Amino acid sequence: MLFLAETVISGLMAGVMYALVALGFVLIFKASGIFNFAQGVMCLFAALALFDFISPGGFMDRWFGFYLPIWLGVIATMGVMIILAWMIERFVLRFLVNQDAIILFMATIGLAYFLEGAGDIMFGSDVKPLDIGIPQGAVDFLLDDYGLYIEKLEIVAAVTATVLVIVLAIFFQKTRVGRALRAVADDHQAALSVGISLHSIWVVVWSVAGIVALVAGIMWGSKSGVQFSLSLIALKALPVLILGGFTSVPGAIIGGLIIGVGEKLAEVYVGPFVGGAIENWFAYVLALVFLVFRPQGLFGEKIIERV
Amino acid sequence: MNFKKLATFAAAAIIATPLFATGAKAYELVVPSLDYRTGPYAPSGIPYANGFADYLTLLNEKGGIEGVKVKLVPCETGYNTKVGVECYEKVKDEAPSRSLVVHPLSTGITYQLIPKASSDQIPIHSMGYGRTSAVNGAVFPWVFNFPATYWDGAAVFVKYIGEKSGGMDKLKGKKIALVYHNSAYGKEPIRTLESMGAKYGFNVMLLPVDHPGQEQKATWLQVRREKPDWVLMWGWGVMNQVAIKEAASIRFPMDRFIGIWWSGSEQDVLPAGDDAHGYLSGAFTAPGDGFPLHAEIKKVVYGANKGAGEADRVGEVGYNRGIIAGVYFEEAVRTAMKIHKTKEVTPAMVRDGYESLNLTEARLNEIGLPNFAQPVQISCDNHAGPRKVAIQRWDAKAKKFDIISKWYDTDREITDALIAEDSAAYAKENNITPKCM
């Protein structure tokens with residue numbers, strides 16, 4: 001029974017980690033209808049930039065002879081992600097207003113390759129052990145006194161994700177910019193006709209997604225070191241999005257939790273009978289089963305188009 | 001000079017130019033480097049590629065092999081099998097010598113290239129990876145996998161565990177888990193472990209991890225539940241780093257966790273910090289930069305600003321493997337030159353060089369690598385050479401690996417039988433009549 005509890009808790013925690021990545025996808029899709037294929041690479045890019053700012057031998061150290069404290073490094077990286085958002089809008093999206101969703105999607109594929117290559121050239125391919133003070137390892141008293149294994153890093157990730165969702169919910173529901181974002185998401189041209197600047201809105205939403213990518217990059221980078229396989233964590237977010245819906249922030253969280261628990265239970269209890277390594281594809285199977293009953297995902301908006 | 005003389009002179013010059021050009025263009029020994037400096041596996045690929053390139057640069061700085069310069073032709077595979085095969089097709093006929101040997105640097109690429117390279121008559125050296133039964137040169141005349149195979153690695157790890165347990169008879173009833181990359185590479189040791197389990201009475205627990213291995217919580221929860229006595233790992237890239245961190249998190253003792261040599265580089269253990277202290281892995285070369293050859297590379301190659309990487313990374317585990325691959329290539333070419341009495345060797349001649357290779361400890365000393373690797377003697381019935389493996393241990397404080405064991409022989413009773421069976425099946429499947437060339 002204790003082991004089952006451990007598996008479920010580990011699944012929930014892993015689900016939170018997936019949800020952190022999925023959130024970035026949701027933000028951009030919600031506000032602009034673009035499925036951002038580059039979200040995983042943005043997590044990687046943000047983590048690489050942060051590591052470079054706060055490490056000896058990094059950009060600051062090479063150019064100015066000192067490196068930044070962690071808090072300042074995080075702020076500087078947020079700045080980098082905002083500049084990146086501006087550049088994406090200025091040099092990519094601006095030319096694609098009112099194009100089909102597939103065109104915008106393909107542009108983000110190009111963006112992913114560009115960012116990955118740029119990251120490689122600027123920061124190198126080595127594994128970078130990211131240590132910003134997030135506690136690692138099992139929670140000692142739970143393991144020693146109750147035999148329950150929960151990782152400290154994942155608890156931090158869960159708390160961070162909760163705070164992030166609350167902040168994003170307030171941002172979308174209570175601020176003028178948030179309402180404008182939702183208006184743009186509903187209809188580009190209608191939003192333009194009431195004076196909302198599409199260009200500014202896109203910069204804002206890509207900036208927010210960049211900052212969410214930084215949070216996800218920090219968590220995953222602390223877990224496995226910052227390295228180029230981080231860009232592949234986008235694959236973990238896809239079933240979460242299918243299940244939770246592409247336009248729902250709470251959906252990303254709930255979807256993450258369901259996927260996390262589902263894949264862990266499947267791997268631990270079913271895996272040994274079918275040769276193991278089933279959690280990756282099981283997540284997609286689970287998401288597809290949900291799709292049969294709710295094609296728009298658990299919390300996605302039901303799109304009805306009249307012919 | 002009238003027009004007729006001028007025209008005659010010009011025509012003579014045009015006709016003579018290619019002759020002079022051909023004469024001036026010296027023969028070169030082409031060796032491709034199917035490396036991967038980009039993508040998720042780049043941290044493991046870069047040190048090897050740098051070691052290989054630096055050693056060949058050193059050779060050229062010293063005049064080449066018997067006076068013939070080496071031409072290194074890099075091709076980026078990204079550790080992708082399809083791209084690796086494309087790279088092979090691109091470089092195989094590179095002038096002037098054609099590719100004298102191919103190092104696929106991936107078990108997946110090796111499997112794809114075995115029939116192609118055999119048909120193109122280009123030798124493959126899959127050093128410590130690839131198809132294990134290529135040990136049998138009568139079935140795989142163009143494939144070499146010395147100095148050790150995955151099956152040797154598995155056999156040696158079991159021997160080491162037996163020794164630590166107080167004797168092989170003490171293995172009875174023990175549980176050994178294998179955490180492996182769910183690919184051709186990761187599955188290689190399974191049969192050996194199962195055969196040894198049957199022989200010595202231990203249980204094997206199989207735990208596959210899908211590419212890339214960023215999330216392994218379920219795997220390590222199973223380790224926690226089943227409580228194996230030892231964990232072996234056939235991992236690659238991020239899978240290694242995550243596995244070591246997860247093992248530390250569940251407090252699995254690092255001195256009972258052994259990775260194959262591709263799970264035993266600095267890049268694999270550094271992200272886990274102090275928690276990785278005591279982690280073990282197999283090795284077929286010594287770690288570190290304390291050998292005379294490293295000093296020579298730093299002076300001659302990096303001193304002339306011709307280094308492939310950074311001087312302070314000379315001597316990393318992956319780098320040293322690149323060096324030894326370069327040494328093996330050099331010695332195979334020298335041997336081929338002696339056998340065929342020509343300096344303009346072809347891939348077929350270099351195959352003969354590999355098959356007659358005899359790299360002694362005295363020669364390793366001369367090269368500047370005393371006690372760096374095991375001497376190698378290759379023959380038709382043994383393309384894997386010494387098949388000896390040592391155990392190295394990570395010192396997290398000093399941030400370096402140290403060899404902590406003797407060099408163990410493989411378990412020939414188990415592995416030779418499996419090699420004979422697997423190579424015979426391959427021969428039958430491909431209508432090959434086994435014979436030595």
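Predicted model: local features only at pLDDT ≥ 70, side-chain atom pairs only at ≥ 80, totals over all residues.
**Where the chains meet**

Chain B is divided into domain 1 (27-148 + 288-387 + 417-429) and domain 2 (150-283). Their centres, taken over C-alpha atoms, are separated by 27 Å. The domains touch: 17 residues of domain 1 of chain B are in contact with 20 residues of domain 2 of chain B. On the domain 1 side, helix 2, helix 4 (107-120) and helix 12 (317-340) of chain B each give two or more residues. By class, this side has nine nonpolar, six polar and two charged residues.

**The nonpolar core**

The largest nonpolar core has 242 residues. Those with the most contacts inside the core are Leu20(A), Ala22(A), Cys43(A), Ala47(A) and Val205(A). Helix 1 (residues 2-32) of chain A supplies the largest share, 17 residues. Domain 1 and domain 2 of chain B both give residues to this core, so the core lies between them.

What does Ala22(A) touch, leaving out residues up to four places away in sequence? Its partners are Ala237(A), Val240(A), Leu241(A), Gly244(A), Ala252(A), Gly255(A) and Gly256(A).

**A buried helix in chain A**

Helix 11 (residues 234-244) of chain A is largely enclosed by the rest of the structure, because nine of its eleven residues are buried. Among the buried ones are Lys236(A), Ala237(A), Pro239(A) and Val240(A). The cover over these buried residues includes helix 1, helix 2 (39-54), helix 12 (249-270) and helix 13 (279-293) of chain A. Gly245(A) follows helix 11 of chain A and has a positive phi, near 100°.

**Two packed helices in chain B**

Helix 5 (residues 150-165) and helix 7 (residues 190-200) of chain B pack at an angle of about 35°. Their axes are 8 Å apart, and the crossing is right-handed. From helix 5 of chain B come Trp151(B), Ala154(B), Ala155(B) and Val158(B). They meet Thr192(B), Leu193(B) and Met196(B) of helix 7 of chain B. This contact has six nonpolar, one polar and no charged residues.

**Backbone details in chain B**

| Site | Backbone feature | Value |
|---|---|---|
| Ala95(B) to Pro96(B) | cis peptide bond | omega near 5° |
| His211(B) to Pro212(B) | cis peptide bond | omega near 0° |
| Asn305(B) | positive phi, not a glycine | about 60° |
| Lys399(B) | positive phi, not a glycine | about 55° |

Where do these sites lie? Pro96(B) is in the loop between helix 3 (81-91) and helix 4 of chain B. Pro212(B) is in the loop between strand 6 and helix 8 of chain B. Asn305(B) is in the loop between helix 11 (292-302) and helix 12 of chain B. Lys399(B) is in the loop between strand 12 (388-395) and strand 13 (400-403) of chain B.

Is Asn305(B) buried or exposed? Asn305(B) counts as exposed, because it has 6 C-beta neighbours inside 10 Å. Lys399(B) is exposed too, with 10 other C-beta atoms within 10 Å.

How values were computed
Residues numbered from 1 in each chain as written. Chains lettered and ligands numbered in written order. Axes fitted to C-alpha atoms, helices over the stretch in contact; angles between N-to-C directions. Helix = DSSP H or I, 4+ residues; strand = E, 2+ residues; numbered from the N terminus. Left-handed = near helix turned anticlockwise from the far one by under 90°. Contact = placed C-beta atoms within 7 Å. Nonpolar A, V, L, I, M, F, W, Y, C, P; charged D, E, K, R; others polar. Core = buried A, V, L, I, M, F, W, Y, C linked by C-beta atoms within 7 Å. Buried ≥ 20, exposed ≤ 12 C-beta atoms within 10 Å, placed from the backbone. Domains from an automatic or database assignment.
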